[in-house]
Amino acid sequence: MHSTSAGAVIPETCVSAAVAAPSIHNTQPWRFRLEAESATFQVRAAPERGLRHTDPAGRALHLSVGACLLNLRVAIAQSGWSPVRRLLPSPEDPGLLAIVRLAGSATRPTGHRADLYEAIWRRHSSRLPFSGRPLAPYLRSELGEAARVEGARLCFPDSVETARLLRLTAEAERRNRIDIDRAAEGCRWVHHDLQPTRDVGLPRAVLGPQDAREQIPLRDFTAQRHTERLVTRQFEAAPVLAVLITEHDRRADWLRAGQALQHVWLLATAHGLRASLLHQALEWPDLRRCLSLAPGRTGHVQMIIRLGYGPEGAASPRRAPGAVFDEALPCR
């Protein structure tokens, strides 16, 4: 990077932080470029890593890239610079999902807490049982504010609504298991090794047990772990769900939702909370429509987040920065 513009930023460090973000099936569908003279990161989609059957419109891909974009912004701010982002900056180049320019000192407000950078490296999905300890009202408020500053809303449904959302998720999980194409697609992204493979994906060790009460429908990525053979554990009796909503449902909204999801998740991690995602019902258009918390109210559900106190989940492998980061480009 140009020494007079952003010498304090190490591009590989920023990209390492970006790729620590969550992505659907751990597909990591992103690429990065750097225009050195203008000190601007390009964040691009990697469509070849998309899920043709599970995510045909690319909504989850955009959420995944949005999450890595939030991490990139936090890492740039950690380096002492203020990240200025633009979403979908070039209609002629639809694969360019965002640019982030380093603009002046990070003493300018970024909307992020100082401890989010450290949380990047500790954030993992936890598909393990949580305790029954409730979330304090101030925590719910802080998490809601984290979503708001990224252009989304975070709602905490009551117990009746939570049960309804879990039933819809269970129906989606049932459909995913019997849909041959989706089951095969999920299976391709699960492997036995903890070491990264060419496609990365998910080691079986991170999938976790199933809920003995059959109340919380955790995803069976392999679609081959027969229920009667699965390890079961007692999960929390009163799960805490948070629903992430955007006002509209366009590509830019999906990217905003991904940033909001990651901001919420990093803040939750900083507070000692664990999280896992219940995305299954969002993958079926009819079930997604039913997820709306308030019939007739505008807004589109983008993610259901399970939150609680419990053990840290196992880390999933990440692609090396060199595999996703192109060398600096000259300023055009």
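Is Gln28 buried or exposed? The model is predicted.

1. **Gln28.** Gln28 counts as buried, because its relative accessibility is 0%. The residue sits in the loop that links helix 2 (11-18) to strand 1 (30-35). Its side chain makes a polar contact with the side chain of Asn26, at 3.1 Å. Setting aside neighbours within four places in sequence, Gln28 is in contact with Val19, Ser23, Arg49, Val200, Pro317, Arg318 and Arg319.

2. Strand 1 and strand 2 run antiparallel and are joined by 6 bridges. Leu34 stands opposite Phe41 in strand 2. The hairpin has 4 residues between its strands. Within this hairpin, Ala39 takes a positive phi near 50 degrees.

3. **Burial of strand 2.** Thr40, Gln42 and Arg44 point one way from strand 2. Phe41, Val43 and Ala45 point the other way. Both sets are buried. Note that Arg44 and Gln42 are on that buried list.

4. A sheet of 4 strands is open, with the order 5-10-12-11 and antiparallel pairing. Strand 5 (153-155) and strand 11 (274-277) stand at the edges. Each has a single partner strand, so one side of each lacks a neighbour in the sheet. From one strand to the next, the twist averages 30 degrees.

5. **Strands 11 and 12.** Strand 12 spans residues 300-308 and pairs with strand 11 in the antiparallel sense, over 4 bridges. Leu277 stands opposite Ile305 in strand 12.

6. **Helices on the sheet.** Helix 5 (residues 137-149) lies across strand 5, strand 10 (240-246) and strand 12. Helix 5 runs at about 150 degrees to strand 5. Helix 6 (residues 159-178) also packs on the sheet, where it touches strand 10 and strand 12. The direction of helix 6 makes about 75 degrees with that of strand 10.

7. **Thr162.** This residue has its place in helix 6. Thr162 is buried, because its relative accessible area is 6% and the cut-off for buried is under 20%. Leaving aside neighbours within four places in sequence, Thr162 is in contact with Pro157, Pro239 and Leu241. Thr162 and Ala238 are 76 residues apart along the chain, and their C-alpha atoms are separated by 8.9 Å.

8. **The aromatic pair.** How many aromatic pairs does the structure hold? It holds 1. The ring centres of Tyr117 and Trp121 are 5.8 Å apart and the planes stand at 80 degrees, so the pair is edge-to-face. Its two members fall in separate burial classes: Tyr117 counts as buried at 17% relative accessibility, whereas Trp121 counts as partly exposed at 39%.

9. **Charges over rings.** Which ring does the charged end of Arg123 sit over? The ring is that of Trp265, and the charged end lies 4.4 Å from its centre. Arg182 has its charged end over the ring of Trp284, 3.7 Å from the centre.

Note on methods. Residues are numbered from 1 along each chain as its sequence is written. This is a predicted model: local features need pLDDT of at least 70, side-chain atom pairs count only at pLDDT 80 or more; totals for chains, interfaces and linings use all residues. Side-chain values use heavy atoms; hydrogens and water are left out. Rings of Phe, Tyr and Trp (its six-membered ring) pair if their centres lie within 6.5 Å; planes under 30 degrees apart count as stacked, over 60 as edge-to-face and the rest as tilted. Buried means under 20% relative accessible area, exposed over 50%, partly exposed in between (1.4 Å probe, protein chains only). A charge sits over a ring if NZ of Lys or CZ of Arg is within 6 Å of the ring centre and within 35 degrees of the ring normal. Helices (H or I, at least four residues) and strands (E, at least two) are DSSP runs, numbered from the N terminus. A polar contact is a pair of N or O atoms within 3.5 Å; within protein, one must be able to donate a hydrogen and the other to accept it, and residues adjacent in sequence count only if both atoms are side-chain atoms. Contact means heavy atoms within 4.5 Å. Two strands pair if DSSP finds at least two bridges between them. Axes are lines fitted to C-alpha atoms, for helices over the stretch in contact, and angles run from 0 to 180 degrees between N-to-C directions.
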